Amino acid sequence: VMSTALRQRRPAGPPSAKDEEHERRLAKAWAWDLGKFVGLAAVSLIALGLFATWMLWPMTDDEWAGLRIPFTLADAQRLGEVLAGFRDRHFWRVIALHAACYIFLQSFAIPGTVFINLLGGALFGMAVGYPLCLFYNTMGSIVLYYFGQTLGTRIVARFFGDKMVQFREWIHKHESELLYNMIFLRLLPFSPNWFINVASGQLRVPVWKFALAIVIGLTPYNFLSCKAGLVLSQLTSRAAIIDPSTTFWLALIAIGGLIGPVIARWRK
């Protein structure tokens, strides 16, 4: 973004050798940051695989044969059936593995946490599964928040520069009621949560406001997806997890979340 702005201020003409060198350095910088992020994700995935193997070591041969990474609803249903029996024998091993998988996916913005939510409800019930999923969601998002500060600046500027400018302006505009508005963003069903996580770290949104907005704003989503896990075997499609009626109510709750900032402004 900064590079684009600088080019726009310069007079027209062929780029100088200094300009070309600057562009080469920027290109190498974001590519290097991306490489470090991907490398860290790969190392974490290997560590997760070793940890999962250790946690699941007592499984029977039939249970090993039924293991699937839950990227689809059918995979999640099959995995829920396999882990249900294993959970009865090794409860804490399943808890630890569920936590590791959730935080890994959330930390690296990898799709699939909705299926981990389903498994949370299916394996542990609402009293245990729902607060655990909300906690894991928050912890993984905080990890991505700090990734945004350390590795994401030049990557986001390279690929999502315009969105970053818009989000920075939005943060500045709503700074006085930032917590209320961050909660509102989280409540919206179609908000790009991964981008909010990364951008919030870069823009130095206070981490306590960032975390509290997740805990409050993503409560309905986590609650509903965990609740759907109670009837995991009966679901027929991913759309059934958060159906249009549920989406409507989530949007209504999000609109209701604007009441706080409006009241705050009115009092001023």
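The protein has 14 helices and 0 strands. Helices (H or I, at least four residues) and strands (E, at least two) are DSSP runs, numbered from the N terminus. This is a predicted model: local features need pLDDT of at least 70, side-chain atom pairs count only at pLDDT 80 or more, and totals for chains, interfaces and linings use all residues. Residues are numbered from 1 along each chain as its sequence is written, and side-chain values use heavy atoms, with hydrogens and water left out.

## Confidence

pLDDT is the predictor's confidence in each residue, from 0 to 100. The protein averages 81, and 76% of the residues score at least 70. Among the elements, helix H5 (residues 91-107) has the highest mean pLDDT, 96. Helix H1 (residues 2-9) has the lowest, 42. Over residues 1-14 the pLDDT is below 50. Beyond near neighbours in sequence, that stretch has 7 contacts in the model. Contact means heavy atoms within 4.5 Å.

## Inside the protein

Of the 268 residues, 42% are buried. Buried means under 20% relative accessible area, exposed over 50%, and partly exposed in between (1.4 Å probe, protein chains only). Among contacts between residues at least 6 apart in sequence, 77% join residues at least 24 apart.

In soluble globular proteins, nonpolar side chains tend to be buried together. A nonpolar core is a set of buried Ala, Val, Leu, Ile, Met, Phe, Trp, Tyr and Cys residues joined through side-chain atoms within 4.5 Å. The largest one here has 60 residues. Phe167, Ile171, Met182 and Phe210 touch the most other members. Helix H6 (residues 113-150) supplies the largest share of this core, 15 residues.

What does Met182 touch, leaving aside its neighbours within four places in sequence? Its contacts are Trp170, Ile171, Ile196, Ser200, Val205, Phe210 and Ala213.

## Two packed helices

Two packed helices are described by the angle between their axes and the distance between the axes. Axes are lines fitted to C-alpha atoms, for helices over the stretch in contact, and angles run from 0 to 180 degrees between N-to-C directions. Helix H8 (residues 161-173) packs against helix H9 (residues 178-187) at about 135°, with the axes 9 Å apart. That angle makes H8 oblique to H9. Angles under 35 degrees count as roughly parallel, over 145 as roughly antiparallel, 65 to 115 as roughly perpendicular and the rest as oblique.

H8 brings Phe167, Trp170 and Ile171 to the contact. H9 brings Leu178, Asn181, Met182 and Leu185. These residues divide into 6 nonpolar, 1 polar and no charged. Ala, Val, Leu, Ile, Met, Phe, Trp, Tyr, Cys and Pro count as nonpolar, Asp, Glu, Lys and Arg as charged, and the others, Gly among them, as polar.

Phe115 lies in helix H6. Its relative accessibility is 3%, so Phe115 counts as buried. Phe115 and Tyr102 are 13 residues apart in sequence and 9.5 Å apart in space, C-alpha to C-alpha.

Asn137 is also placed in helix H6. Asn137 is buried too, at 3% relative accessibility. Not counting residues up to four places away in sequence, Asn137 touches Tyr102, Gln106, Ile214, Leu218 and Asn222.

Most residues other than glycine have a negative phi, and most peptide bonds are trans.

| Residue | Phi | Relative accessible area |
|---|---|---|
| Ala109 | near 55° | 36%, partly exposed |
| Arg204 | near 60° | 54%, exposed |

Ala109 sits in the loop between H5 and H6. Arg204 is in the loop between helix H10 (193-202) and helix H11 (207-217).
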